[in-house]
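Work through the exercises below with the sequence and the model open side by side. Try each task before reading its solution.

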Amino acid sequence: MPRDMRNKIVAITGGSRGIGRATAEQFVAVGAKVAIGARDHEFAAKAAAEIGARAYPLDVTDPASVQAFWKAVEADLGDIDVFVNNAGEMIVGPFEKESDEDTAHQLGVNLLGTLNGMKTAIGPMRRRGRGHIINMVSAVGMIGLPGCATYSAAKHGVVGLSEGVRAELRGSGVDLSIILPIPAQTELTSGVGKGRFVPLLTPDDIARAVLRTARRPVYNRYVPGWTNPVTRSLFLLPQPWRDAMGRFLKADQLLRTTDYQARIAYETRVKAPTVEGAGA
């Protein structure tokens with residue numbers, strides 16, 4: 001039986017834009033009580049009002065901020081049933097030209113941010129003997145992509161972190177899932193080059209997969225589903241064959257085909273400090 005999401009408390013990091021907002025909308029539509037957290041609280045509050053959620057300030061790179069977010073949501077809405085670690089930011093370019101600040105920023109939001117969310121959620125959920133943590137990863141968490149090497153490294157880290165913690169949670173009543181989508185049409189992918197045979201998803205496509213996972217927990221959900229056997233098959237190939245397949249799919253063309261001018265507004269925004277600090 002699928003789990004009924006009516007009146008469940010769902011907290012989503014990075015929930016004011018893109019996939020996070022679409023996910024919040026999906027949960028609200030089925031009757032869940034939804035809290036979104038983001039570093040731009042004013043923007044998040046506007047988004048929350050539009051979709052019927054509640055907004056809270058959140059810097060996922062700061063453990064104290066994540067803990068404050070959790071406590072505020074539970075004080076206002078009740079015990080959190082589903083915690084979605086969605087916050088993520090990507091900076092595109094050659095690895096050797098990436099600044100130390102950009103490297104630290106991506107690792108902080110994508111890997112440390114997820115780690116902070118998991119650490120905050122596990123204790124209360126384990127004590128209650130129930131709860132579901134859903135980590136938004138990416139297809140590049142399984143296969144590294146040139147042009148976003150640090151982002152790939154951070155998402156690989158989330159996969160390893162999730163694998164280890166999942167084993168620790170066995171028998172606790174707390175579920176842990178990872179979502180592995182191919183790129184979606186969001187601000188994060190603005191101007192990014194496109195490979196062969198790889199359609200861009202919409203945020204709603206991925207949000208529906210998150211909701212489906214909350215209703216019927218599985219550990220890993222690839223979006224779309226056909227990428228699961230394809231990805232696993234690639235790991236069975238000798239490395240030269242994998243490299244050739246990457247070239248055939250034009251995965252190595254990201255750096256050459258990305259419109260960097262189209263990414264200026266996004267990358268300027270995500271790097272900008274706010275009163276809540278840099279984060280999701």
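The exercises go from the whole chain to single residues, and the model they use is a predicted one.

**Exercise 1. Overall make-up**

Task: State how many helices and strands the protein has, and what share of its residues is buried.

Solution: 
- Step 1. The secondary structure consists of 10 helices and seven strands.
- Step 2. Of the 280 residues, 48% are buried.
- Step 3. The accessible surface is about 12800 Å², and carbon and sulfur atoms account for 56% of that area.
- Step 4. Take the contacts between residues at least 6 apart in sequence: 70% of them join residues at least 24 apart.

**Exercise 2. The sheet**

Task: Give the order of the strands in the sheet and say whether the pairing is parallel or antiparallel.

Solution: 
- Step 1. Strands of a sheet pair through backbone hydrogen bonds, in either a parallel or an antiparallel sense.
- Step 2. Here seven strands make an open sheet with parallel pairing, and their order is S3-S2-S1-S4-S5-S6-S7.
- Step 3. S3 and S7 (220-223) are the edge strands, each pairing on one side only.
- Step 4. From one strand to the next, the twist averages 20°.
- Step 5. Val 84 has Ile 134 in S5 as its bridge partner.
- Step 6. Helix H6 (residues 203-215) lies across S4, S5, S6 (174-181) and S7, and it runs at about 155° to S5.

**Exercise 3. Aromatic rings**

Solution: 
- Step 1. The structure holds three aromatic pairs.
- Step 2. Tyr 56 belongs to strand S3 (residues 54-57) and Phe 69 to helix H3, so the pair links distant parts of the chain, 13 residues apart.
- Step 3. Tyr 56 counts as buried because its relative accessibility is 8%. Phe 69 is buried as well, with a relative accessible area of 1%.

**Exercise 4. Arginines over rings**

Task: Which rings have Arg 17 and Arg 166 over their faces?

Solution: 
- Step 1. Arg 17 lies over the face of Phe 43, 3.8 Å from the ring centre.
- Step 2. Arg 166 lies over the face of Tyr 219, 4.5 Å from the ring centre.

**Exercise 5. Two single residues**

Task: Decide whether Glu 74 is buried or exposed, and do likewise for Asn 7.

Solution: 
- Step 1. Glu 74 is located in helix H3 (residues 63-77).
- Step 2. Its relative accessibility is 18%, so Glu 74 counts as buried; the cut-off is under 20%.
- Step 3. Leaving aside residues up to four places away in sequence, Glu 74 touches Asp 79, Ile 80 and Arg 128.
- Step 4. Asn 7 is found in the segment before strand S1 (9-13). Asn 7 is exposed because its relative accessible area is 53%.
- Step 5. Most residues other than glycine have a negative phi. Asn 7 has a positive phi, near 65°.

Definitions and conventions
Residues numbered from 1 in each chain as written. Predicted model: local features only at pLDDT ≥ 70, side-chain atom pairs only at ≥ 80, totals over all residues. Heavy atoms only, no water. Helix = DSSP H or I, 4+ residues; strand = E, 2+ residues; numbered from the N terminus. Buried < 20%, exposed > 50% of the residue type's maximum accessible area, 1.4 Å probe, protein only. Contact = heavy atoms within 4.5 Å. Phe/Tyr/Trp six-rings, centres within 6.5 Å; stacked < 30°, edge-to-face > 60°. Lys NZ or Arg CZ within 6 Å of the ring centre and 35° of its normal. Pairing = 2+ DSSP bridges. Axes fitted to C-alpha atoms, helices over the stretch in contact; angles between N-to-C directions. Areas by Shrake-Rupley, 256 points an atom, 1.4 Å probe, with all protein chains shown as cover.
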